[in-house]
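Please read it with the sequence and the model at hand.

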Amino acid sequence: MSDIKTNINIFKSHLTIQSDYVGGKAKPKAVDGRKIYKLSSNENLLGSSPKAIAAIQDHLQKLNEYPDQTDARLREALASFYGAPMSADHFFTGNSGSEILELIARAFLDPGLEVIIASPTFMPYRLFSEKMGAKVLDIKLLEPNFDLNVREILEAINEKTRLLFLTSPNNPTGSYISKETLEYILQEIPAHVVVVLDEVYFQFTDQADYTTALPYALQHKNIIGVNSFSKAYGLAGLRVGYAYTHPDLARYIRQLHRPFLLNALSLNAAIGALSDTAFLQKTVDLIQAERNFLYQHLDQLPIHYWKSQGNFFLLRPPMSPKDFEAKMLEQGIMVRPVENFGAKGCVRVTIGTRAANLAMLAALTAVLG
Ligand SMILES: Cc1ncc(COP(=O)(O)O)c(C=O)c1O
């Protein structure tokens with residue numbers, strides 16, 4: 001409702017829809033000087049790529065100058081990072097993976113068009129699509145392992161469908177889409193539907209049949225691989241993301257870029273991060289080792305959890321997610337209830353350093369009694 005008086009409704013109806021999705025909470029001030037571990041937003045507990053930080057520091061005296069007018073330097077750096085035959089033409093960038101998703105929604109959606117999502121999953125797919133007036137069909141993942149319901153997804157596609165949002169590894173379930181499943185979908189899907197494969201956690205995977213969108217983008221399939229510097233590079237506060245796809249699609253989506261879209265710190269930090277193989281390796285090694293360490297301990301506790309390919313895992317506590325969140329916070333651990341992602345009764349926990357994980361396990365043991 002609004003106090004603005006006009007004879008004609010000037011609000012677009014799809015922009016007045018209230019969403020129940022809100023981002024993760026900020027870290028509260030420590031109570032009694034006790035350390036609080038924020039394991040609620042899938043951040044990198046090792047910090048940020050040192051090369052990204054150095055690039056930011058190098059630029060601090062030049063903030064009076066406008067940044068590059070375009071993202072060409074970052075796209076060139078991405079092309080070198082991925083290697084031939086990828087070129088700068090295959091990429092587009094944005095202020096975070098979320099903005100990449102929003103650009104895709106803006107590029108392809110309008111009232112009357114449709115998208116498909118598979119929840120429990122990252123809710124901005126729904127939010128951004130609805131803000132464009134599109135209808136969202138949610139073909140739920142199949143329990144107990146959160147597999148895609150491929151048959152129903154393909155049946156739900158019609159001539160109005162434009163986007164299929166897939167997430168691998170998926171947030172919040174930690175499940176992934178096998179190469180075989182993705183290839184089957186790409187083979188069956190009509191040419192007017194673009195598959196948006198959100199792979200922002202891809203660095204943390206260790207399964208042989210995991211795949212990114214890369215081989216299929218190179219085969220000129222209608223697929224976009226969505227990536228972020230927030231997770232493996234530890235730059236969530238900076239907001240930089242990118243995607244790659246067929247050059248025709250990338251060029252089309254770049255039409256939405258305004259001049260100076262990326263600020264100078266983001267641009268330089270992202271280029272620095274891409275060259276930081278040491279930090280990336282350290283992060284990936286930590287997550288993969290700690291994931292296995294956590295499984296060993298979680299298996300001893302009376303709690304249901306799911307094995308994960310991300311830097312987080314999903315669990316179902318024997319109490320309401322909100323109560324569990326509050327009790328874990330009393331123990332100094334922030335976790336994320338994910339009922340609004342579609343995961344009923346579930347909570348997501350980020351995998352951190354050994355110290356953070358031990359503190360989380362101690363808190364969990366105390367809360368479970
Ligand atoms: C699956 C998925 N996609 C995209 C994002 C967006 O990341 P950002 O906007 O921080 O780049 C997130 C963040 O949590 C995510 O979990």
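Buried denotes under 20% relative accessible area, exposed over 50%, and partly exposed the range in between, with a 1.4 Å probe and protein chains only. The model is predicted: local features need pLDDT of at least 70, side-chain atom pairs count only at pLDDT 80 or more, and totals for chains, interfaces and linings use all residues. Residues are numbered from 1 along each chain as its sequence is written, and side-chain values use heavy atoms, with hydrogens and water left out.

**Aromatic pairs**

- The structure holds 17 aromatic pairs. Rings of Phe, Tyr and Trp (its six-membered ring) pair if their centres lie within 6.5 Å; planes under 30 degrees apart count as stacked, over 60 as edge-to-face and the rest as tilted.
- F146 and W306 form a tilted pair, because their ring centres are 5.2 Å apart and their planes meet at 50 degrees.
- F146 belongs to the loop between β4 (135-138) and α5 (150-156) and W306 to strand β9 (residues 304-306), so this pair ties together parts that are 160 residues apart in sequence. Both F146 and W306 are buried.
- F229 and Y242 are also tilted, at 5.6 Å centre to centre and 55 degrees between the planes. The former lies in the loop between β7 (223-228) and β8 (241-244) and the latter in strand β8, so the pair links parts 13 residues apart in sequence.
- F229 counts as buried because its relative accessibility is 0%; Y242, at 3%, also counts as buried.
- F229 and Y242 belong to one aromatic cluster, together with F81, Y82, F91, Y233 and Y244.

**Charges over rings**

- The charged end of K35 sits over the ring of Y37, 5.0 Å from its centre. This requires NZ of Lys or CZ of Arg within 6 Å of the ring centre and within 35 degrees of the ring normal.
- The charged end of K307 sits over the ring of Y295, at 4.8 Å from the ring centre.

**Strand β3**

- Strands are DSSP runs (E, at least two residues), and helices are runs of H or I with at least four, numbered from the N terminus.
- In strand β3 (residues 114-117), E114 and I116 on one side and V115 and I117 on the other are all buried, which covers both faces.
- β3 and β4 run parallel and are joined by four bridges; pairing needs at least two DSSP bridges. E114 stands opposite K135 in β4.

- I4 is placed in the segment before β1 (37-38) and counts as exposed because its relative accessibility is 55%.
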